[in-house]
Each structure stands twice: as structure tokens, then as C-alpha cells.
Amino acid sequence: MMTVGARLVAPMIILLLCIPIDLIKAEVITLTPETFSDKVKEKDTAWFVKFCVPWCKHCKKLGNLWEELGKTMEGDDEIEIGEVDCGTSRAVCTKVEIHSYPTFKLFYNGEEVTKYQGKRDVESLKAFVVEETEKAAEKAQLEDKEL
């Protein structure tokens, strides 16, 4: 005989199992040749993008690092975490001059701001993206005032 709690929880578990995986890990947005340019051009928004290929041992070694960063940055409306599979989106990777994997680049208002070269842990990545986004936003504000 099922308890009242079990009768309430069982349907919720079934419902969660029916949610597409894309919605569960929505903190990291997969960018494609069709979406990349429009997304990184969003006004007053920074895009921190990981460029990888599935066969790269260094990319595999990252494990869930990028998803963890996405979850950490979820509440920040000005910073988006994205990823590009250079195996299926070669045109994007060629356009932004990706020559090794993984490569992490920050874009702001459609412009490449900088490439990340630091430690590969969530705290270092977050500190970098927050600091560089603030610098890019200040620069953009100064440029807007000059116009």
C-alpha cells in the first residue's frame, strides 16, 4: 500500500523524467552556425564560450566544469555561458579563429573581448568572466557617450 507521500512524489518523478535534457542543463547554451552571431551580438550581454570537439582528450578532461560554471552564473542576466562543438559547427570556429581545443573566449556586444588562459576551475573562470565583463561594459558605456 502506497503512503500519501509516495503517491505525491511518484507522479513528480515521472514528470521530471519526461523533461528534455536540454531544459535541465539550460544554463549552458549550445551555439550553432545559425545562432552564434545573433546570440553574441545581444546588447549589453557577455558570452563566455567554450569551443571544443568531442574527440579531444583535453575537452573530455573538463568533465562537467562548463555545466557547473553555467549553474554558478545562472542568476547573472548580463553573462551567458555558451558552447560550440567545432566538429559540427566548423564555420563558427573558423570565423572566430579557433586553432586548439578547448578554447574559451569572451564576447561582449558581438565583439571578441579576450581569450581565457587561466586555471580550469569554476572559481577562476567565474572571477575572470565577471571582471572582464565589467571592463567590457565600462568600455562600451564610454564609447556610447562619445557618440
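Start by selecting Glu132 and Lys135: they sit three residues apart in helix H7 (residues 122-146), so about one helical turn separates them. Helices here are DSSP runs of H or I with at least four residues, strands are E runs of at least two, and both are numbered from the N terminus. You're looking at a predicted model, where local features need pLDDT of at least 70, side-chain atom pairs count only at pLDDT 80 or more, and totals for chains, interfaces and linings use all residues. Residues are numbered from 1 along each chain as its sequence is written, and side-chain values use heavy atoms, with hydrogens and water left out.

Stay on that pair. Glu132 and Lys135 form a salt bridge, with the closest N and O atoms 3.2 Å apart; the cut-off is a side-chain nitrogen of Lys or Arg within 4 Å of a carboxyl oxygen of Asp or Glu. Glu132 is buried at a relative accessible area of 16%, while Lys135 comes out partly exposed at 44%. For the burial labels, buried is under 20% relative accessible area, exposed is over 50%, and partly exposed is in between (1.4 Å probe, protein chains only).

Next, pick Lys119 and Asp121. Their side chains meet in a salt bridge at 3.8 Å, N to O. Lys119 is exposed, with a relative accessible area of 59%, whereas Asp121 is buried at 18%.

How many salt bridges does a search of the whole structure find? Seven. One of them is worth a jump: select Lys50 and Glu83, whose closest N and O atoms are 3.5 Å apart. Lys50 belongs to strand E2 (residues 46-52) and Glu83 to strand E3 (residues 79-85), so this pair ties together parts that are 33 residues apart in sequence. Both Lys50 and Glu83 are buried.

Now for a charge without a bridge. Glu27 is in the loop between helix H2 (21-24) and strand E1 (28-30). Glu27 is buried but has no salt bridge, and the nearest side chain of opposite charge, Lys71, is 5.0 Å away. (Lys and Arg count as positive, Asp and Glu as negative; His and the chain ends are not counted.) Show the surroundings and you'll find Glu27 touching Gly70, Lys71, Glu74 and Ile81, leaving aside residues up to four places away in sequence. Contact here means heavy atoms within 4.5 Å.

On to the cysteines. A search of the whole structure finds one disulfide (a pair of cysteine sulfur atoms within 2.5 Å). Select Cys86 and Cys93 to see the link, S to S 2.0 Å. The angle about the S-S bond is -85 degrees, making the link left-handed. Both Cys86 and Cys93 are buried. While you're at it, Cys52 is buried at 8% relative accessible area, and Cys59 is buried at 10%.

Last stop: the largest nonpolar core, which has 37 residues. Such a core is a set of buried Ala, Val, Leu, Ile, Met, Phe, Trp, Tyr and Cys residues joined through side-chain atoms within 4.5 Å. Finish by zooming in on Val84: its contacts beyond four places in sequence include Leu31, Phe36, Val49, Phe51, Val92 and Cys93.
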